[in-house]
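This report describes selected local features of one protein structure. Please consult the sequence and the model shown here alongside the text.

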Amino acid sequence: MLSATEIAITCLGACAAYVVWVWYQLRHIPGSFWISCTKIWQIKTQMKGKWYIEVRKQGDQYGDLFRIGPNQLLTTDVDIIRRMAHPKSSYTRSPFYQTFRFNPTQDHTFSLIDDQEHIRRRTNFGPGYTGNTHVEACVDRQCARLVDLIERKFISTSKQYRPLDLTAATFFFAMDCVGDLSYGRPFGCLDEGVDVHKFVKWNEDFFNTAIVIANFHWLTKIFFKPPFNRIYPSTLEKDGVGKYIALAQAAVERSFRDGKNRRKDSLASFIEHGATKEEAIEELMLQVVAGTDSTAAGIRMTLLLLVTNPIAYNKLKSEIDNAILKGKVSTPIRDTEARQLPYLQAVIKEGLRSFPVVTATFFKRVPKGGDIISGHFVPEGTEVGHNVLGVMRAKKYWGEDADVFRPERWLEADKETFEMMTDVVETLWGAGRFKCLGRSIAQMELNKVFVELLRRFDFSVVSPQNPVEVMNSGFFLMSAMEMRVTKRETLQI
């Protein structure tokens, strides 16, 4: 009989042999030898908060397909990203996605790796994410509350300085939009400009833990089971994600109880299209986590790019002013009207391109028989992810000034180039069967919020030499971004 030591040595040897074999299968694909050997570089880079920048450097050095771990590759080719996500593709989601569960026994549409169940959920939930009149009314209400908050607490004059933390304000706007859309009422963040349930603090505290679990998928098999599942948030918690789970449960119970008399919101649509209570709760939680940070980052970073680029900033204000004077913009602006403002649409697209709001890898598994990617054979089981910043800064898509924030590129492009650029920037939200369900809602929020703010206020950066500290592990954490806000006096609204 083998001793415990011999068993341990045998197991370690088997693990080492497996790692070597996996690495050897991908030896022909470009990439750093040391980075490809272990996941140490990934974890170290993510914890330092420099993930998206360092990954782009790897892509610039090694090309459209490069190694990022023992069994992981990243691509900068949008054709590959779309091919993996095509409805008829045999690619599947990797275990990376399951690390984003909020409940150890329940999946939501982002964490699901079972293809058939994922399709069923998307079919049930999809109609609830349509940009309908309810959605527009919710966004209008929260735009009005954001404007009111700024006017009450953050207007500066020659005699009074009252800086606005744009990082916080945009998060409060996005969070209260989610509350109004699906929870029956806004959460109250915009009432006084406070993170009422301390979600941001929870997110920051969980940052490093999430990085480790996301890189070592096998840890989920441990944390899904007692007693280790205590790492997951509980409804007994007063703040953070646990509090939002409790709010989601209350909203779902109320909607089921009200039956045909329920409020006609996104949650009602989920239920009426067949969602169970558990599925609806998980989807509402996904809205809180995925539907807030990304939208808020898009608003704040696009506004930062605008105010640090006076030409673009003044062009957008002029377009808004002229549209108001010609009666082409209502109060509040309608989504259909915003879509007819070409420079606004160019600014939104260019803002998302210049600062992609989510840079996670979104790994997919190569199907049985392997695949040819960028001229290389990739064996089955290999995980292939997105080099998001690399895509959004690739000269082959954007030209020699790919690093420059220049909305005019969207207006100068011919039809074919415009459609190509649009397809590329849309991969930020995923593609095909993996595309973000909330994409149309996010677009409506972006369409409205810039107009409602810039028709009333002027913004300037308090510390242009260091406007904001950014941490990125695939998802963003940002420090305060202080803006001096003044009221515009020359335009009648």
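The sections below treat a helix, a sheet and a surface patch in a predicted model.

## Helix α4

Helix α4 comprises twelve residues, 51–62. From its first C-alpha to its last, α4 reaches 17 Å, close to the 16 Å expected at 1.5 Å a residue. Just after this helix, G63 adopts a positive phi of about 105 degrees.

W51, Y52, V55, R56, Q58 and G59 are the buried residues of α4. Viewed down the helix axis, these buried residues fall within an arc of 155 degrees, so they line one face of α4. An α-helix has 3.6 residues a turn, so residues three or four places apart point the same way. The exposed residues D60 and Q61 are carried on the face of α4 turned away from its buried side.

## The three-stranded sheet

An open sheet is formed by three strands in the order β4-β12-β9, with antiparallel pairing. Strands β4 (164–165) and β9 (457–461) stand at the edges; each has a single partner strand, so one side of each is left without a neighbour in the sheet.

Strand β12 spans residues 482–487 and is joined to β4 by two bridges, the two strands running antiparallel. The bridge partner of D165 in β12 is E482.

## A nonpolar surface patch

W218, I222 and F228 make a nonpolar surface patch of about 320 Å². Of these residues, I222 lies in helix α11, which covers residues 218–223. The relative accessibility of I222 is 33%, and this residue therefore counts as partly exposed, the class between under 20% (buried) and over 50% (exposed).

Key
Residues numbered from 1 in each chain as written. Predicted model: local features only at pLDDT ≥ 70, side-chain atom pairs only at ≥ 80, totals over all residues. Heavy atoms only, no water. Helix = DSSP H or I, 4+ residues; strand = E, 2+ residues; numbered from the N terminus. Expected span 1.5 Å × (residues − 1). Buried < 20%, exposed > 50% of the residue type's maximum accessible area, 1.4 Å probe, protein only. Arc of directions from axis to C-beta. Pairing = 2+ DSSP bridges. Patch = residues over 30% accessible without salt bridge, like charges linked within 9 Å, V, L, I, M, F, W, Y side chains within 5 Å. Areas by Shrake-Rupley, 256 points an atom, 1.4 Å probe, with all protein chains shown as cover. Salt bridge = Lys/Arg side-chain N within 4 Å of Asp/Glu carboxyl O.
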